[in-house]
Amino acid sequence: MANFFNVTLYQPLYNGLIFLMDVLPWADAGVAVILFTILIKLILFPLSKQATKTTLEMKVFEPEMNALKEKYKNNKDEQARAVMAFYKEKGINPFSGLLILIIQIPIVIALYYVFYKGGLPVVKEELLYTFVSVPTINVFFLGLINVAQKSLFLAILAGVTQYFQLRFSVPIVKAVENPSLKDDLARSMSIQMRYIMPVLTFIVAYSVSGAVALYLTTSNVFTVCQELYIRRKLKIVPAPIAK
């Protein structure tokens, strides 16, 4: 399984990063990481777009969904049938986002390993394809930050952008009258995610290298821009951000 992962995902992505550095000799390693991350995100955009579209559509119909759930709250089987019938009527596949997420997970893991185990500025020549040359790598991002080493500034940037990405795309679940245990749990998890994930992102980014921090930062910013674009295309007004 590990060998399959290396051959189908890790090695192609690693070669892609090195190839980009080779064809863009003016770009330092930090700039190359940003461009490479954007390139991969653009390739994955059709998948991400469908997942985001499904999520936003489900948010739009949330009041109607809640009314259905309330109507059949004493009959879970009937509630499930009514909800699925509602999805079918509106042309929504509630499982499409999950499927797309599952498809993307190994790609994201492979990208993480590219930056985590890439060993910059040393290039692992044994992983390179015959048509990929070994470039001279400048590891100083904008001539200031060595992305091959830990960077407190870039790690903080990764954590901050993760916070705003979650704050924008995962609003806190609103409190309701007479909340059930499930309602309280959902609200508590949404609040904790907003603050715990940025801290975890910071820890991971600072524990590894500036290259990983740049990857995470670029990914977060791209995700926010992507959702703004999709919302605009679908003419969906963003939900107000809870304070």
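Tutor: Pro 25 counts as exposed because its relative accessibility is 65%, where exposed means over 50% relative accessible area, buried under 20% and partly exposed in between, with a 1.4 Å probe and protein chains only. The model is a predicted one, in which local features need pLDDT of at least 70 and side-chain atom pairs count only at pLDDT 80 or more, while totals for chains, interfaces and linings use all residues. Residues are numbered from 1 along each chain as its sequence is written, and side-chain values use heavy atoms, with hydrogens and water left out.

Pro 25 lies in the loop between H1 and H2 (helices are DSSP runs of H or I with at least four residues, strands runs of E with at least two, numbered from the N terminus). Although Pro 25 and Asn 138 are 113 residues apart in sequence, their C-alpha atoms are 9.1 Å apart in space.

The contact (heavy atoms within 4.5 Å) is made from the H1 side by Leu 13, Gly 16, Leu 17, Leu 20 and Met 21, which meet Ala 29, Ala 32, Val 33, Leu 35, Phe 36 and Ile 40 of H2. The axes here are lines fitted to C-alpha atoms, for helices over the stretch in contact, and angles run from 0 to 180 degrees between N-to-C directions.

The axes of H3 and H4 come within 9 Å and cross at roughly 155°, which makes H3 roughly antiparallel to H4. On H3 the contact is made by Glu 64, Met 65, Leu 68 and Lys 69, and on H4 by Gln 79, Ala 82, Val 83, Phe 86, Tyr 87 and Lys 90. Between helix H3 (62-71) and helix H4 (76-90), the loop holds Tyr 72. Leaving out residues up to four places away in sequence, Tyr 72 touches Glu 78, Gln 79 and Ala 82, and its C-alpha is separated by 9.8 Å from that of Val 83, eleven residues along the chain.

Another loop, between strand S1 (140-141) and strand S2 (145-146), contains Leu 142. Leu 142 has a positive phi of about 55° although it is not a glycine, and this deserves a second look because most residues other than glycine have a negative phi. Leu 142 counts as exposed, since its relative accessibility is 57%.

Gln 162 sits in helix H6, residues 152-169, and is buried because its relative accessible area is 9%. Its side chain is joined to that of Thr 201 by a polar contact of 3.2 Å, meaning a pair of N or O atoms within 3.5 Å; within protein, one must be able to donate a hydrogen and the other to accept it, and residues adjacent in sequence count only if both atoms are side-chain atoms. Apart from residues up to four places away in sequence, Gln 162 touches Met 197, Pro 198, Thr 201 and Asn 220. Other positions on H6 are buried too, among them Leu 154, Ala 158, Thr 161 and Gln 165.

Helix H8 (residues 210-234) holds Thr 217, which counts as buried because its relative accessibility is 8%. Not counting residues up to four places away in sequence, Phe 222 touches Ile 38, Lys 41 and Leu 42.

As for the whole, the protein has eight helices and two strands, running from the N terminus as α-α-α-α-α-β-β-α-α-α. Of its 243 residues, 40% count as buried. Among contacts with a separation of 6 or more, 76% come from residues 24 or more positions apart.

Terms used: Angles under 35 degrees count as roughly parallel, over 145 as roughly antiparallel, 65 to 115 as roughly perpendicular and the rest as oblique.
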